[in-house]
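Here is a set of questions and answers for someone meeting this structure for the first time. Each answer works towards the name or value asked for.

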Amino acid sequence: MRIRRKTWARPELEACSYFYQNPQQNKSIWNTEIAAGKPIHLDLGCGKAVFLAEIALENPDVHYIGVDISFDILGVARRNIEAKFEEKKVENISLFSYNIEKLEDVLSPADKVERIYINFCNPWPKAGDHKKRLTYTKQLKAYQRILSPGAEIWFKTDNDDLYLASLRYFEEAGLSIFFQTKDLHQETNIENHLTEHEIMFTKEGIKTKAIRAKFVGI
């Protein structure tokens with residue numbers, strides 16, 4: 001779903017202390033200079049940051065990096081983050097716009113990313129488009145090159161085909177799946193912060209599928 005162009009987005013982002021216009025300049029120093037040694041969690045396709053704002057506010061000892069290709073949607077994300085934090089200073093979030101397929105330009109193993117969130121990404125349902133999926137085997141192996149040992153991927157989707165295919169992709173990429181469900185909201189004692197899509201789909205009676213897995217051997 002395309003977001004309408006917002007002329008205010010870029011100026012507001014340029015004035016935002018935690019938005020990075022040239023994230024490549026921080027490669028290999030995210031952990032030491034930006035996150036100040038805090039564990040880094042990466043939210044790929046962070047969208048309007050409903051999920052990101054909530055989880056960051058509740059976990060001040062983790063540094064969250066939100067990535068999205070659209071400046072317009074990141075402008076909305078910044079406003080949502082500010083609204084969620086209210087008077088509190090936002091110190092454990094970084095935002096930048098970048099092509100997720102080229103993350104190695106921006107992050108390295110020295111940045112010690114410990115968890116990746118992939119929430120309700122494009123399922124690319126047309127034949128031949130599956131290689132564009134953020135959970136496709138080749139893409140998962142690319143993530144591995146920027147992660148710290150034992151890093152995890154937490155994935156959520158409303159799409160049945162993407163969920164089933166991702167189970168296979170995770171195994172092909174050498175991940176060890178430690179949690180999977182076809183109905184996340186029926187699970188008990190499971191940490192879960194809602195995304196804007198999840199809220200909408202749940203109201204429509206659409207179940208949230210989830211996979212959580214760990215990279216082994218790195």
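Q: How many helices and strands does the protein have?
A: The model is a predicted one. From the N terminus on, its elements run α-α-β-α-β-α-β-β-α-β-α-β-α-β. The count is seven helices and seven strands.

Q: What is the radius of gyration of the protein, and what does the globule rule give for 218 residues?
A: The C-alpha atoms fill a box of roughly 40 × 40 × 40 Å along the principal axes. For 218 residues the globule rule gives 17 Å, and the protein comes close to that value, so it is as compact as a globular protein of that length. The radius of gyration of the protein is 17 Å.

Q: What percentage of the contacts with a separation of 6 or more is between residues 24 or more positions apart?
A: Of the 218 residues, 50% count as buried. Among contacts with a separation of 6 or more, the share that joins residues 24 or more positions apart is 77%.

Q: How far apart do the centres of the positive and negative side chains lie?
A: The protein has 31 positive side chains and 31 negative ones. The centres of the two sets are separated by 5 Å.

Q: What is the distance between the end C-alpha atoms of helix H4?
A: Helix H4 covers residues 71-85, which is 15 residues. At 1.5 Å a residue, H4 should span 21 Å. The distance between its end C-alpha atoms agrees with this: 21 Å.

Q: Which elements do the buried residues of H4 pack against?
A: The buried residues of H4 are Phe 71, Asp 72, Ile 73, Leu 74, Gly 75, Val 76, Ala 77, Arg 78, Ile 81 and Phe 85. An α-helix has 3.6 residues a turn, so residues three or four places apart point the same way. The buried residues of H4 pack against helix H1, H3, S2 and strand S3.

Q: What is the distance between the end C-alpha atoms of helix H6?
A: Helix H6 takes in residues 160-172, 13 residues in number.

Q: Which elements are included in what covers the buried residues of H6?
A: In H6 the buried residues include Leu 162, Tyr 163, Leu 167 and Phe 170. Their cover includes helix H5, strand S5, strand S6 and strand S7.

Q: Which elements are included in what covers the buried residues of H5?
A: Thr 137, Gln 139, Leu 140, Ala 142 and Tyr 143 are buried in H5. The cover of these residues includes S1, S4, S5, H6, S6 and S7.

Q: Which residues does Lys 141 touch, not counting residues up to four places away in sequence?
A: Lys 141 is placed in helix H5. Its relative accessibility is 40%, between the 20% and 50% cut-offs, so Lys 141 counts as partly exposed. With residues up to four places away left out, Lys 141 touches Glu 172 and Ala 173.

Q: Is Ala 49 buried or exposed?
A: Ala 49 lies in the loop between strand S1 and helix H3. Its phi is positive, about 65°, although Ala 49 is not a glycine. Its relative accessibility is 0%, and the cut-off for burial is under 20%, so Ala 49 counts as buried.

Q: What is the relative accessibility of Trp 124?
A: Trp 124 lies in the loop between strand S4 and H5. Phi of Trp 124 is near 40°, a positive value in a residue other than glycine. Trp 124 counts as partly exposed, with a relative accessibility of 27%.

Q: Which residues is Asn 59 in contact with, leaving aside its neighbours within four places in sequence?
A: Asn 59 is found in the loop between H3 and strand S2. Asn 59 is partly exposed, with a relative accessible area of 27%. Beyond its neighbours within four places, Asn 59 is in contact with Tyr 64 and Asn 92.

Q: Which residues does Pro 39 touch, not counting residues up to four places away in sequence?
A: The loop between helix H2 and S1 holds Pro 39. At 26% relative accessibility, Pro 39 counts as partly exposed. Leaving out residues up to four places away, Pro 39 touches Asp 61, Val 62, His 63 and Glu 114.

Conventions: Residues are numbered from 1 along each chain as its sequence is written. This is a predicted model: local features need pLDDT of at least 70, side-chain atom pairs count only at pLDDT 80 or more; totals for chains, interfaces and linings use all residues. Side-chain values use heavy atoms; hydrogens and water are left out. Helices (H or I, at least four residues) and strands (E, at least two) are DSSP runs, numbered from the N terminus. The radius of gyration is taken over C-alpha atoms; the globule rule is 2.2 Å times the number of residues to the power 0.38. Buried means under 20% relative accessible area, exposed over 50%, partly exposed in between (1.4 Å probe, protein chains only). Contact means heavy atoms within 4.5 Å. Lys and Arg count as positive and Asp and Glu as negative; His and the chain ends are not counted. The place of a charge is taken as NZ of Lys, CZ of Arg, CG of Asp or CD of Glu. The expected span of a helix is 1.5 Å times one less than its number of residues.
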